[in-house]
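I opened the model to look up its strands, its helix packing and its cores. My notes follow.

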Amino acid sequence: MEGKGADKFVYDFAEGNKDLKDLLGGKGANLAEMTNLGLPVPAGFTITTVACQQYLASGAHVDGLEEEITSHLEKLEEAMGKRLGDPADPLLVSVRSGAKFSMPGMMETVLNVGLNDESVAGLSAQAGGDDRFAWDSYRRLIQMFGKTVCEVPGDEFEQALHNAKSAKGVRDDTDLDADDLKALVGAYKDVFAKHTGDDFPQDPREQMDRAIAAVFQSWNAPRAVLYRRQERIPADLGTAVNVVAMVFGNLGADSGTGVAFTRDPATGEQGIYGDYLQNAQGEDVVAGIRNTVPLQDLEGLDKKSYDELLGIMATLEGHYHDLCDIEFTIERGKLWMLQTRVGKRTAAAAFTIAAQLIDEGVIDLDEALRRVTGAQLAQLMFPRFDLAGDPEVLTKGVGASPGAAYGEVVFTAERATELAAQGKDVILVRRETNPDDLPGMIAAQGILTSRGGKTSHAAVVARGMGKTCVCGADQLEVSPSAFLVSGHTVNEGDVISIDGTTGRVYLGEVPVRPSEVVQYFEGDLDPALANEPLVAAVHRLMTHADERRRLAVRTNADTGPDAARARRFGAQGVGLCRTEHMFLGDRRELVERLILAEGDKERQAALDALKPLQRADFLELFREMNGLPVTVRLIDPPLHEFLPSLEDLAVHVAVAKERGESAKRSEKMLAAVRRMHESNPMLGMRGVRLGLVVPGLFGMQVRAIAEAAVALAQEGGRPRPEIMVPLVGAVQELETVRAEAEKIIAEVVGDSGVEIAIGTMIEVPRAALTAGQIAEAADFFSFGTNDLTQMGWGFSRDDVEGAFFWRYLELGIFGISPFESIDREGVGRLVRIASEEGRATRPDLKLGVCGEHGGDPESVHFFHEVGLDYVSCSPFRVPVARLEAGRAALPAQVTG
């Protein structure tokens, strides 16, 4: 494939296959596959992604490309018996994008390319003298070409169409006759000329070449860039371009266009799902310009085509072994297949379909596990609406993407983005969405449209993002600042709730309840729901993931209740207990006593007061995790974080002096805060440095851990404590702390049989680079990837995410925040070095990770590759990590 791609830029459909997605894009590869299967695909050819890459890199020129296009166009003309630009019998083509990964609506399409003032009569003659059809096709070309190729504002074309319908007194564009549409073409040409300074191009080859260039350029359009960033699609892939002979769904009542799914993309249920629109062209269905009819209605409209379509759907699902998304057109009773792909689906449908295909003998458990993701599982754990309060139903639409969402109503993508940046929940309400709405769709909690169905732009994009979406709520009358429905006027800023499963829209904020999947993990599921398809599928695939995975999954937990919940979710221990969280609330005063202590006696008294509280905390945690490891990190943050702020104290003391009031304690505390103040406390007196400088602090914690472990052992339990020393950068630091800890442990443990491991966090780059030395004094390493990322990149998470990360993401410097998914090349390399050098010194060294990356699906795969023993994450993400650890352990998939 690579050799061909280097010197061949254009492929006829018969030359490709479904495994050439890198070269031909998803659409082109699947058109080729359908052609090879003998399905009714219009003739055409695909310009490769390599051509796009070279076009973009060179600034719009690719040697030899024009000649190849000409050669393949001639073959297409020969196959169709028509010539592009022939006034009497014109060949028309569509020019459509097709990247490796589906990006619905993000790039460009131009239909009816090849029409001009002369050939419009020839097109009418082809259609048996149907002038209306010919002029409708011509106005569509001018509109799509103008908007796509020349950046003419689409609103002006829409306004001209609206004016034509208003003048005629009709609602739909199908009610306009040939003369109306001929006049509309004139109006569209005026709009085109006003904005471009040129007449609409009459040369069909110029139209095609400029449309191809526009598709190439749309790869870097802002909405495409934003979508790729959202979906983590690499920016250097480029898009293929498909040039396809036009078939027409706008030839009258015996023609139409539709989208079909071989199973319900929302639930996974088997059946006939899709939308059909009579007398319409390809983009009309997904654009939602008119409400469609259910695909089942096609049986009554055209049974022959309906039966043929069902047969093709069965063929495609059997061939791809998965849910297929199909676009088709019927031209005067003749069915044509325009596209197929493995369809986007909701999280619930992904799990349900995977389990169905196992039962059908189509795929095995490993393949089923490959087809679901941790991100999808996380979506299934979101709450649902609690309808016990009988909330008022405003209307009902099509449940297009499940979930429960509520928020303030907004009517533009810009407003959605603006309010979301202020921390507000919003619902984006539109007649129908278009690709330019993507930023608002990302920002919103949910999307509500008055037009469109399960295959509209809003539905497809929302499902891909896991956003709640209700479409086709046609009772809504949407205006720029409000919508009317059922006697209600809902203004911008009013709160509504939308249910993407049922399609219901409620007035006000509806309370939520836990999802069935969370109840399943909690062991609190109603037995009647245990065999529901979704719950059964989750159970089946989670069981297989646990059987497959090598990585253990622990949790980050500081309290007994957190640990108990994580254990119900499948945690195999605690990978991080942050002891500083135990010093908050009422205990802050005891920490203040420690900080303000004058002399050894006062300091020891403060430590003695803290120790029994710490011991009780640890005992609670050890009990909940009885028999499982619990890694306790000794206090990490600077002590002054437990005191009031310098500014607040200074103001308090100054005001007290002004009033002549006594403020001795506050003055003493202010002096301590000033003494301990650091310009950059994250790089100062914290972690192991604090333990070495404040006598007895780490010793108190070690003693409390050991005493709690012995107490549980005396109760008949099996404590497995591990003491983790934070922020170590040199082996000498760890050796010093270890010597003190071992002495205390020996005193406390005696002959109880309790064993306590001692290790360190690897969170300082120097620790990673000297891991071979540090391993001499460590029983385990736990990578603190949050700090390792901060120090590796040289920025503070608290400061930079809001300051400039948005710009780095926009520029493509980051594909995703390095705090969200581990930076494999930089921070990941430090993890790899430390793992390899640590185990070279101590082959039995246990390795884990306890930063937030431990629950990130992509990062879990990296930690598996590096050879870590476990990941640790927040309780809620434990099931996600379990699933991804299982997926990471699957053997590499062999294709083609």
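What order do the strands of the open sheet of 5 strands have? I read 1-2-7-5-6, with antiparallel pairing. Two strands pair if DSSP finds at least two bridges between them. Helices (H or I, at least four residues) and strands (E, at least two) are DSSP runs, numbered from the N terminus.

I note that this is a predicted model: local features need pLDDT of at least 70, side-chain atom pairs count only at pLDDT 80 or more, and totals for chains, interfaces and linings use all residues. Residues are numbered from 1 along each chain as its sequence is written, and side-chain values use heavy atoms, with hydrogens and water left out.

**Sheet.** I looked up how strand 1 is joined to strand 2 (residues 44–47): 3 bridges, running antiparallel. Tyrosine 11 has threonine 46 in strand 2 as its bridge partner. Helix 2 (residues 21–36) packs on the sheet and touches strand 1, strand 2, strand 5 (93–99) and strand 7 (239–245). Contact means heavy atoms within 4.5 Å. The direction of helix 2 makes about 125° with that of strand 5. Axes are lines fitted to C-alpha atoms, for helices over the stretch in contact, and angles run from 0 to 180 degrees between N-to-C directions. Helix 9 (residues 204–218) also packs on the sheet, touching strand 2, strand 5, strand 6 and strand 7. Its direction makes about 150° with that of strand 7.

**Hairpin.** I then checked strand 11 (residues 324–331) and strand 12 (residues 334–342), which pair in the antiparallel sense over 8 bridges. Isoleucine 326 stands opposite threonine 340 in strand 12. The two strands form a hairpin with 2 residues between them. Arginine 332 in the turn has a positive phi of about 50°.

**Helix pair.** The axes of helix 23 (residues 588–596) and helix 24 (residues 600–624) come within 8 Å and cross at roughly 155°. Helix 23 and helix 24 are therefore roughly antiparallel to each other (under 35 degrees is roughly parallel, over 145 roughly antiparallel, 65 to 115 roughly perpendicular, the rest oblique). I list Leu590 and Leu594 of helix 23 among the contact residues, with Ala606 and Leu610 among those of helix 24.

**Cores.** The largest nonpolar core has 126 residues. Such a core is a set of buried Ala, Val, Leu, Ile, Met, Phe, Trp, Tyr and Cys residues joined through side-chain atoms within 4.5 Å. Buried means under 20% relative accessible area, exposed over 50%, partly exposed in between (1.4 Å probe, protein chains only). Helix 28 (residues 697–714) gives the most to this core, with 11 residues.
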